[in-house]
Amino acid sequence: MATQVGDVMTRDVETIHHDEDVHVLEKLMLEKKIHGVPVVNDQEKLVGVVSQTDLLAWHFHTGVDGVSFYGDADVSIPGVDPRTIKVDDISAATVEEVMSPLVYCIGPDRPLAEAAAMMIRKWIHRLVVVDDELHVLGVISVIDLLHSFP
C-alpha cells in the first residue's frame, strides 16, 4: 500500500519558465487540460505556480494603475482614470506577472497523511513535489490521494 507522496504523485508534470509569455501558458493549459502549472526559473527551480483561476483573473483584471474591468463595465479605485487602461498592457504579460509566488510544496518522502492535512488546512487541490533544491519532481493532487485509498 502506498504510504509516501512519491508513491502516488504524478511524475510527468508540465512546467513553464517565469519569463514565458502568458499566452504560451494559456495554450499549454488548454491543450493539455491541466488546472495548474509550476513555474520555474532559469535554474529549473520552483518560483511560483499558475492556476486556472490566476489565468481567469488575468483575463478580467488588468492590474494596471489600480483599475480592473469586466467587459465594458469599469470598476475603479478613487482617483484613478479608467481611460488610462491600454489593451496592449493586458496582452504583454509574462508568466511571472500572472503566477502566485506562494506555492505549497512537499517532499516525495513525506507521508500521504501530511499531504492530505496540508490540502485540507489550506483549502488547496494540489501540492508541488520538490527535492531539497526546489526542483520539481511531480505534483500530488486530491484525486491522487483519493486513488490511494483501498
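**Entry 1: cores**

I began with the largest nonpolar core, which has 14 residues; Val22, Leu25, Val50 and Leu55 touch the most other members. I took a nonpolar core to be a set of buried Ala, Val, Leu, Ile, Met, Phe, Trp, Tyr and Cys residues joined through side-chain atoms within 4.5 Å. For burial I used relative accessible area with a 1.4 Å probe and protein chains only: buried is under 20%, exposed is over 50%, and partly exposed lies in between. The elements that give two or more residues to this core are α2 (22–32), β2 (36–40), α3 (52–60) and α5 (95–98). Helix α2 provides the largest share, four residues. Helices (H or I, at least four residues) and strands (E, at least two) are DSSP runs, numbered from the N terminus.

I then listed the contacts of leucine 25, with contact meaning heavy atoms within 4.5 Å. Apart from neighbours within four places in sequence, leucine 25 touches Ile16, Val37, Val50, Leu55 and Val95. A second, separate core has 13 residues, among them Met9, Met118, Val129 and Leu145. In soluble globular proteins, nonpolar side chains tend to be buried together.

**Entry 2: what the model is**

I noted that the model is predicted: local features need pLDDT of at least 70, side-chain atom pairs count only at pLDDT 80 or more, and totals for chains, interfaces and linings use all residues. Residues are numbered from 1 along each chain as its sequence is written, and side-chain values use heavy atoms, with hydrogens and water left out.

**Entry 3: overall figures**

I looked up the totals next. The protein has seven helices and eight strands. Of its 150 residues, 35% count as buried. Among contacts between residues at least 6 apart in sequence, 53% join residues at least 24 apart.

**Entry 4: the β6-β7-β8 sheet**

I followed the strands in the order β6-β7-β8, where three of them form an open sheet with mixed pairing. Two strands pair if DSSP finds at least two bridges between them. Strands β6 and β8 (136–141) stand at the edges with a single partner strand each, so one side of each has no neighbour in the sheet.

Strand β6 (residues 105–106) runs parallel to β7, with two bridges joining them. Isoleucine 106 is opposite valine 129 in β7. Valine 129 also turned up in the second core. Five bridges join β7 to β8, and this pair is antiparallel. There, arginine 126 is opposite serine 141 in β8. The hairpin of β7 and β8 has five residues between the strands, and leucine 134 in this hairpin takes a positive phi near 70°.

I also checked burial along β7 (residues 126–130). Four of its five residues are buried, so the strand is largely enclosed by the rest of the structure.

**Entry 5: salt bridges**

How many salt bridges does a search of the whole structure find? I found three, where a salt bridge is a side-chain nitrogen of Lys or Arg within 4 Å of a carboxyl oxygen of Asp or Glu. Side chains of opposite charge can pair when their charged atoms come close.

- Glutamate 14 pairs with lysine 32, the closest N and O atoms being 3.4 Å apart. Glutamate 14 lies in the loop between α1 (5–8) and β1 (16–17) and lysine 32 in helix α2, so the pair ties together parts 18 residues apart in sequence. Glutamate 14 is partly exposed at 30%, and lysine 32 is partly exposed at 47%.
- Glutamate 31 pairs with lysine 27, with the closest N and O atoms 3.9 Å apart. Both lie in helix α2, four residues apart, about one turn of the helix. Glutamate 31 and lysine 27 are exposed.
- Arginine 110 meets glutamate 114 at 2.6 Å, N to O. Arginine 110 is partly exposed at 35%, and glutamate 114 is partly exposed at 28%.

Phenylalanine 149 is in the segment after α7 (142–148). Its relative accessibility is 55%, so phenylalanine 149 counts as exposed.
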